[in-house]
Amino acid sequence: MRTLVIASQKGGVGKTTLAGHLGVEAERRGAGPVALIDTDPQGSLAAWWNVRSAETPAFAQVAIANLVDHLAALEDAGIKLAIIDTPPAVTDTIRAVLAVADLVLIPTRPSPHDLRAVGSTVELVESANKRMVFVLNGAAVRARITGDAAVALSQHGTVAPVTIFQRTDFAQSMIDGRVCQELDQASRSSAEIGKLWDYVATHLRKGAKHG
Ligand SMILES: Nc1ncnc2c1ncn2[C@@H]1O[C@H](COP(=O)(O)OP(=O)(O)O)[C@@H](O)[C@H]1O
Ligand SMILES: [Mg+2]
């Protein structure tokens, strides 16, 4: 089993959106069974999953205190990929979650505030000695700042070669527990998620940085 952690100290950057979308995409592409885990007290990913009618991906209720044991139990149950959504704060929770990551995905909006805030997330991931990749999310079409942001981020680490644009179907689809691929598999949003999954999957296979 591989464990993908989606983290950022900044709220509203798309952690929960990408957790749901990548979970469905991983299942669709044969990388499942997938278990989603929500460690944010706000419970947005859990709320999305609760209104979802499809049976996959699975949702695992996990206590942080027993995270390692719970992940071992998921692996024993045949889960191939755990995707962990996290709260936007530096807490003991985030440290415990980073410790079990094979890969940390850090979504960032291409805005000066978000780019400045990324440093604290990077420090946390580096002190946990984990592999991380950035993805630009919520980019405006044809905005020059997206390219500038990618350059700025590349000074901290690897940036996914796919940008997720600001599109209403990312939000709209999640209202009734779906993702954009389930609204229209041929949409641009779906293609972006497909490419992001390809990239994440490649990095997940490489495993932990020094492990
Ligand atoms: N690429 C996108 N296009 C449009 N809306 C998005 C996109 N990514 C996220 N959103 C919306 O932005 C808000 C914050 O996203 P969310 O995934 O909840 O962020 P986080 O979990 O990091 O706080 C939500 O309303 C979500 O629907
Ligand atoms: Mg969230």
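Which element supplies the largest share of the shell around ligand 1? Helix 1 does, with three residues; helices here are DSSP runs of H or I with at least four residues, strands are runs of E with at least two, and both are numbered from the N terminus. The model is a predicted one, in which local features need pLDDT of at least 70 and side-chain atom pairs count only at pLDDT 80 or more, while totals for chains, interfaces and linings use all residues. Residues are numbered from 1 along each chain as its sequence is written, and chains are lettered from A and ligands numbered from 1 in the order in which they are written.

**Ligand 1.** Select ligand 1 and display the 16 residues that surround it, the closest being Gly14, Lys15, Thr16, Thr17 and Ala171; a residue is near a molecule if its C-beta atom, placed from the backbone, lies within 6 Å of it. Helix 1 (15-28), strand 6 (132-139) and helix 7 (168-172) each contribute at least two residues to this shell. Coloured by class, the shell shows five nonpolar, nine polar and two charged residues, where Ala, Val, Leu, Ile, Met, Phe, Trp, Tyr, Cys and Pro count as nonpolar, Asp, Glu, Lys and Arg as charged, and the others, Gly among them, as polar.

**Helix 1 against helix 9.** Next, select helix 1 together with helix 9 (residues 188-206), which pack at an angle of about 75 degrees with their axes 10 Å apart; the axes are lines fitted to C-alpha atoms over the stretch in contact, and angles run from 0 to 180 degrees between N-to-C directions. The two helices, helix 1 and helix 9, are therefore roughly perpendicular to each other, a term that covers angles of 65 to 115 degrees. On the side of helix 1, show His21, Leu22, Glu25 and Ala26, which meet Ile193, Gly194, Leu196, Trp197 and Val200 of helix 9; residues are in contact if their C-beta atoms, placed from the backbone, lie within 7 Å. The residues of this contact between helix 1 and helix 9 comprise six nonpolar, two polar and one charged.

Beyond its neighbours within four places in sequence, Ile6 touches residues including Lys15, Ile83 and Leu105. Ala7 sits in the loop between strand 1 (2-6) and helix 1, and with 26 C-beta neighbours inside 10 Å it counts as buried, the threshold being 20 or more, with 12 or fewer for exposed.

**Backbone details in the loops.** Select Pro33, in the loop between helix 1 and strand 2 (34-38), where the peptide bond from Gly32 is cis, with omega near 0 degrees. The bond from Thr56 to Pro57 is also cis, with omega near -5 degrees. Finally, select Asn129, in the loop between helix 5 (112-127) and strand 6, whose phi is near 60 degrees, a positive value in a residue other than glycine; with 12 C-beta neighbours inside 10 Å, Asn129 counts as exposed.

Definitions and conventions
Angles under 35 degrees count as roughly parallel, over 145 as roughly antiparallel, 65 to 115 as roughly perpendicular and the rest as oblique. Two residues are in contact if their C-beta atoms, placed from the backbone, lie within 7 Å.
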